[in-house]
Amino acid sequence: MTATTDDRFAHSAFLRARGTAQEGKVAFAELFFDLVFVLTIIQLSHSLAAHYSLLGLAEAAMLTLAVWWVWIYTTWATNWLDPDKAPVRLLLFALMFLGLMLSIAIPTAFDAGGLLFALTYVAMQVGRSAFTAFAMRRDWPENSLNFTRITVWTALSAVFWLAGGLAGQEVRLVLWLIALGIEYVSPALGFVVPGLGRSAFGDWQVSGEHMAERCALFVIICLGETILVTGRTVAGMELLDGFTIILLATAFLSTATMWWIYFRFGHGEAAHLIEHSATPGRIARMAFTYAHIPIVAGIILSAVAEEFALAHPHGATDAKTASAIIGGPVVFLSGNIWFKAAIRGRWPLSHLAGIGVLLALSAIVPFVEPYQLFMAAAAVLLGVALWEFLSLKSTPADDVATV
């Protein structure tokens, strides 16, 4: 970045100063904004636990994709917009209020709350993109054009969001899936708009440090939900005996192990790679925008599994409980494979083996109680973490950073 460009951004009323120590800093306003998504994740996991079926899983997956898209698009915007400047801070406050309304609508999104969910989602997506295009129009016209294209695409998807909010449940799901499809495919198409052209990877010069820290904080929010589920479920029990304490310790170990798998080896490498890449936007899109989706979904599903196992540890293990206990870690590890392959160029063998063992646990479901299956799945996660720790510990640090 040239000195002239740095000076231009330094005097902008909206943008972060580029090429400075503050460029990748996560602002307190962004952390305040994240508080709404604590409620959002709670609402998602509670709704899934209460309506756990094939249809419930499909609806929860769709809502999770929508929530993630709102949050990650805001993260991309604040990678350039400076939350310490009053107009951007006000934008985050407005998005925060809309996010609160979005969270409130989640439990009834496929019932009476459909229109509220659609209206708030559209307002967040279109409003933020239009604001960012306006904020960049003078100091960064090239990127302003990118966000103008994004605004057009989000306005197109808004038609299907709003139509779905007015439609019945079955039609609503179809219309909202079309809306999500439009939004998820648009980055791969470079947000192409007739007359406005298309974006290229070179247009997206991002701060890897900021992107990595923001996504890491969202993972922390999701992991925090598993802690809340564990504490709330155990606190509601009449008797806190030795067996319950063992189950509580197992649930906590499972959450801590997921933290270890993600944070010990992964997001720091991605930040380093983006900062030293000629096309940081390409890596950020793959490693953070897309690969984190199964990581987040896996943690939410694991929270549901903990609730099932703690509330009903004994008796036959039904398909619902087994799919959550096994599926949560499988989806989480799959996301980590995608994430780490995007930054290392190879799939971690420990994660592949872990998925294989978890799927093999399906064979013992008819013969074990829920708590036994839950403990077995936690043991597999712990084994994956230890395997990766030992394998990478024996690898020279320079090799790990460059693979």
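This is a predicted model: local features need pLDDT of at least 70, side-chain atom pairs count only at pLDDT 80 or more; totals for chains, interfaces and linings use all residues.
Which residues line the largest cavity? Residues are numbered from 1 along each chain as its sequence is written, and side-chain values use heavy atoms, with hydrogens and water left out.

**View 1. Lining of the largest cavity.** The largest cavity is lined by Ser254, Ser302, Ala305, Glu306, Ala324, Ile325, Pro329, Phe374, Ala377, Ala378 and Leu381. A cavity is a set of points, on a 1 Å grid over the protein atoms alone, where a 1.4 Å probe fits but cannot get out; lining residues have an atom within 4 Å of a point. About 70 Å³ of space lies in this cavity, a volume being the space filled by probe spheres set on grid points, which are joined across faces, edges and corners. Helices α12 (292-311), α13 (319-344) and α15 (370-393) each supply at least two lining residues, and the largest share, four residues, comes from α15. Helices are DSSP runs (H or I, at least four residues), numbered from the N terminus. The lining divides into eight nonpolar, two polar and one charged residue. Here Ala, Val, Leu, Ile, Met, Phe, Trp, Tyr, Cys and Pro count as nonpolar, Asp, Glu, Lys and Arg as charged, and the others, Gly among them, as polar.

**View 2. The largest pocket.** This pocket (an open set of grid points with protein on both sides within 12 Å along at least five of seven lines) has a volume of about 290 Å³. Of its 19 lining residues, Trp76, Pro187, Phe191, Trp204 and Arg285 are the closest to its centre. At least two lining residues come from each of α3 (54-78), α5 (114-136), α6 (141-166) and α11 (280-290). The lining comprises 11 nonpolar, five polar and three charged residues.

**View 3. A nonpolar surface patch.** Phe32, Leu35, Val38, Leu90, Phe93 and Leu228 make a nonpolar surface patch of about 530 Å². Two or more of its residues are given by each of α2 (28-50) and α4 (86-105). Such a patch consists of residues with over 30% relative accessible area and no salt bridge, with nonpolar side chains (Val, Leu, Ile, Met, Phe, Trp, Tyr) joined within 5 Å; a salt bridge is a side-chain nitrogen of Lys or Arg within 4 Å of a carboxyl oxygen of Asp or Glu. Accessible areas come from the Shrake-Rupley method with a 1.4 Å probe, and for residues only the protein chains shown count as cover.

Methods. Patches are made of residues with over 30% relative accessible area and no salt bridge: like charges are joined within 9 Å, nonpolar side chains (Val, Leu, Ile, Met, Phe, Trp, Tyr) within 5 Å.
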